[in-house]
Amino acid sequence: MTDTDIKPLEGIRVLELGNYIAAPTAGRLLADFGAEVIKVERPGTGDELRNWRLYKGTTSMLFRTLNRNKKSVVLDLRSAAGKEAVKALVAESDVLLENFRPGTLEKWGLGPEVLDEINPELVISRISAFGQTGPLSPRPGFAAVAEAYSGFRNLVGDPDRAPVRVGVSIGDSIAGLYAAFGVVMSLYQREVHRSAAQGGVPMRERVIDVALHEAMFSMMESLVPDFQAYDIERQRVGGRMEGIAPSNAYICGDGASIVVAGNGDSIFQRYMETIERPDLGSDPALQTNAARWARREELDEAIGAWAAGRTAAQALEALDAAGVPAGPIYTAADISGDPQYAARRMVQKFDVSTGEETLTDVGFPGIVPVIGDHSLPIRHLGPDLGEHTDDVLSGLLGMSPAQIAEATAAKENLRA
């Protein structure tokens, strides 16, 4: 068996109605492992992500990345013909993904009850800012707002400055992970029911409701329990981790930064020996993590002074020799040339069209998790807008050219 034959989700068809990052991330994960993902895009412009971080041409590398291994079909969901085509695709699918504001599918006549009548085995994954129920459910919201509601944003940054955001759309991505997990869980439940001849899974158990703020809240560890049990409010601590020391980033003499996580009790003594401060390593008052956290400023000052006298490479070599967990803070250039990423095929090269020209040997992130020794191969990058419209609508649904033209024509005078 070759790598291209490893497709655990082969035979599963997914209809993706989502835009931006959250639902497309779920679709990407399912597609990576063999599901046939049919991405429905609006005529003319397609998914807005095609234009995000668009440095050249008509289709961004971000779109090519998040929509790899999928098929693109153009349909206008504002038209009767477009909606009928979606319903026909629902009848042939196992999963539907969407990340519209709650109520949008219902307004289009495509709510769960309608979809269930068409396909009583369909798994429906719905991603929204605040979920499908509750007082905030009708509100729109991007991941930035959801991250703030979750408590996550309050912990990112330095204590003497306003909270900041991380450099990626982490709220959308984590919600997409949960959505994909929920889909696979529901598909497994379906198979269990089939094998036990228990009948179909009830619709309410086949609707996966992922709220962006809840997805981020689930990452917040003991934030709420610590508050409710001990009245402790976590604070922003910059590059540190609350209650753990010494663990931080340090600037070396060549201007490069490294991260060192030397907070384990046994590691700490080796760490202090390495930075030529055995007095700190043997200090009876620094033998527990809580005690080290209380003196974190002193420890960071000592480590910072040591790092400043060495290049990043010299510091990391010494720390590695002592068995102290440490590493460089990589840039895209570092990742591109790293042998560990290369050994596991985590950067895969493609010739890719921007819509105006073809760029050769562009690296894209590999498929996670690894099955076997390295990343499975990406079968193809995110498709051109409508690249598979005719193949899907004609080949799968048997639609005529006239029917396809009607379903894909933009209805400019109709409102969603």
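Q: Does Asp47 count as buried or exposed, judged by relative accessibility?
A: In this predicted model, Asp47 is found in the loop that lies between strand S2 (36-41) and helix H2 (61-66). Buried means under 20% relative accessible area. Because Asp47 has 0% relative accessibility, Asp47 counts as buried.

Q: Which residue's backbone nitrogen does the side chain of Asp47 reach?
A: Leaving aside neighbours within four places in sequence, Asp47 is in contact with several residues, among them Gly18, Tyr20, Lys39 and Phe63. The side chain of Asp47 also reaches a backbone nitrogen at 2.9 Å, and that nitrogen belongs to Leu49.

Q: Is Ser128 buried or exposed?
A: Ser128 is found in strand S5, which covers residues 123-128. Leaving aside neighbours within four places in sequence, Ser128 is in contact with Phe100, Pro102, Val210, Ala211 and Leu212. The cut-off for burial is under 20% relative accessible area. Since the relative accessible area of Ser128 is 5%, Ser128 is buried.

Q: At what distance does the side chain of Ser128 reach the backbone nitrogen of Gly131?
A: Ser128 belongs to strand S5 (residues 123-128). From there, the side chain of Ser128 reaches the backbone nitrogen of Gly131, and the distance is 3.0 Å.

Q: Are H11 and H14 parallel or oblique to each other?
A: Helix H11 spans residues 265-274 and helix H14 spans residues 296-308, and the two pack with their axes 10 Å apart, at an angle of about 45°. Angles under 35 degrees count as roughly parallel, whereas 65 to 115 count as roughly perpendicular. H11 and H14 are therefore oblique.

Q: How many charged residues are there in the contact of H11 with H14?
A: On the H11 side, Phe268, Tyr271, Met272 and Thr274 take part, and they meet Leu299, Ile303 and Trp306 in H14. These residues of the contact divide into 6 nonpolar and 1 polar, while the number of charged residues is none.

Q: What distance separates the centres of domain 1 and domain 2?
A: The domain assignment of the protein chain gives domain 1 as 13-220 + 364-408 and domain 2 as 240-328. Taken over C-alpha atoms, the centres of domain 1 and domain 2 are separated by 43 Å.

Q: What percentage of the residues of the protein chain count as buried?
A: The secondary structure of the protein chain comes to 19 helices and 11 strands, and its C-alpha trace spans about 80 × 50 × 50 Å along the principal axes. The protein chain has 416 residues, and the share of them that count as buried is 45%.

Conventions. Residues are numbered from 1 along each chain as its sequence is written. This is a predicted model: local features need pLDDT of at least 70, side-chain atom pairs count only at pLDDT 80 or more; totals for chains, interfaces and linings use all residues. Side-chain values use heavy atoms; hydrogens and water are left out. Domain bounds come from an automatic or database domain assignment. Axes are lines fitted to C-alpha atoms, for helices over the stretch in contact, and angles run from 0 to 180 degrees between N-to-C directions. Helices (H or I, at least four residues) and strands (E, at least two) are DSSP runs, numbered from the N terminus. Angles under 35 degrees count as roughly parallel, over 145 as roughly antiparallel, 65 to 115 as roughly perpendicular and the rest as oblique. Contact means heavy atoms within 4.5 Å. Ala, Val, Leu, Ile, Met, Phe, Trp, Tyr, Cys and Pro count as nonpolar, Asp, Glu, Lys and Arg as charged, and the others, Gly among them, as polar. Buried means under 20% relative accessible area, exposed over 50%, partly exposed in between (1.4 Å probe, protein chains only). A polar contact is a pair of N or O atoms within 3.5 Å; within protein, one must be able to donate a hydrogen and the other to accept it, and residues adjacent in sequence count only if both atoms are side-chain atoms.
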